[in-house]
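Good morning, and thank you for coming.

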Amino acid sequence: MDIILLLKALILGLVEGATEFLPVSSTGHLIVVGDLLHFNDDKGKVFEIVIQLGAILAVCWEYRAKIGHVLVSAKQEAASQRLIFNLIVAFLPAAVLGLAFHHQIKQYLFSPLTVAWALIVGGFAILLIERFAPQPDTHTVDEMDWKHALKVGFAQAIALFPGVSRAGATILGGVVFRLSRKTATEFSFFLAIPVMFAATALDIYKSYGDLHLADLPMFVVGFVTAFISALLVVRGLLRYVSHHDFRVFAWYRIGFGLLVLAYLN
């Protein structure tokens with residue numbers, strides 16, 4: 001058992017869980033930290049798929065009661081039917097574009113340099129949104145209609161560019177389209193479930209040959225660490241957005257992006 005490899009798995013699991021649902025770009029952080037740890041080879045890429053699954057299962061666990069209710073009541077309850085339909089609508093833009101350009105995105109955009117600039121630009125975008133965001137007119141996920149969902153879906157598609165942040169695009173996009181912060185954040189969590197399961201399934205299919213039983217201890221450490229840290233972040237973020245805006249994440253993105261540029265130079 002390689003202790004150094006397990007330590008890298010622990011660090012990357014923490015990074016994934018801590019950043020997946022914050023507007024700071026988990027993919028960007030994994031690319032940068034993986035590069036620092038020299039763990040960005042084929043094995044590292046497969047490992048990132050596994051820990052991403054750990055993070056999304058944390059959301060499923062946190063919202064297990066809501067998810068269970070929606071699934072059970074989908075035939076009778078209009079609110080459950082509407083949520084499912086809204087998730088499908090919001091899922092489609094990123095799914096179509098992701099399938100069309102998956103190879104090009106992975107090949108040309110996954111680098112610390114592109115991530116650094118996306119972090120910085122995204123940080124300034126958050127500051128602008130916070131300065132000019134309209135007053136919300138939708139205060140719960142159940143109040144959303146398909147038009148809200150479609151707009152959030154197109155916002156999410158921007159996050160196909162590494163470093164933009166899926167959570168940031170959906171949450172801040174929702175704020176721009178007059179969702180309350182809590183509503184935008186919760187819908188972002190729910191939308192992450194089909195999006196990340198689909199992305200994980202696609203990546204596993206494409207990387208199946210690189211999965212080896214000998215790597216199981218590394219996968220377990222990363223998966224569990226990502227699950228626990230993501231669960232804590234999901235719970236904390238909902239409390240945070242009830243009383244704060246996202247400017248702190250904007251400044252973090254700008255600072256981290258500048259640090260990455262300095263490191264690369």
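**Salt bridges in the model**

E186 has a relative accessibility of 16% and counts as buried, where buried means under 20% relative accessible area, exposed over 50%, and partly exposed in between, with a 1.4 Å probe and protein chains only. Please note that this is a predicted model, in which local features need pLDDT of at least 70, side-chain atom pairs count only at pLDDT 80 or more, and totals for chains, interfaces and linings use all residues. Residues are numbered from 1 along each chain as its sequence is written, and side-chain values use heavy atoms, with hydrogens and water left out.

What does the side chain of E186 meet in a salt bridge? The partner is K182, at 3.3 Å from N to O; a salt bridge is a side-chain nitrogen of Lys or Arg within 4 Å of a carboxyl oxygen of Asp or Glu. E186 and K182 are 4 residues apart in helix α9 (residues 181-207), so about one helical turn separates them. Helices (H or I, at least four residues) are DSSP runs, numbered from the N terminus. K182 is partly exposed, at 39%.

The structure holds 5 salt bridges. Another of them joins D142 and K66, at 3.5 Å from N to O. D142 lies in the loop between α6 (112-132) and α7 (146-158), and K66 in helix α4 (residues 64-73), so this pair ties together parts 76 residues apart in sequence. D142 is partly exposed at 32%, and K66 is partly exposed at 27%.

Finally, R247 and D245 form a salt bridge at 2.2 Å, N to O. R247 is partly exposed at 33%, as is D245 at 22%.

How values were computed: Helices (H or I, at least four residues) and strands (E, at least two) are DSSP runs, numbered from the N terminus.
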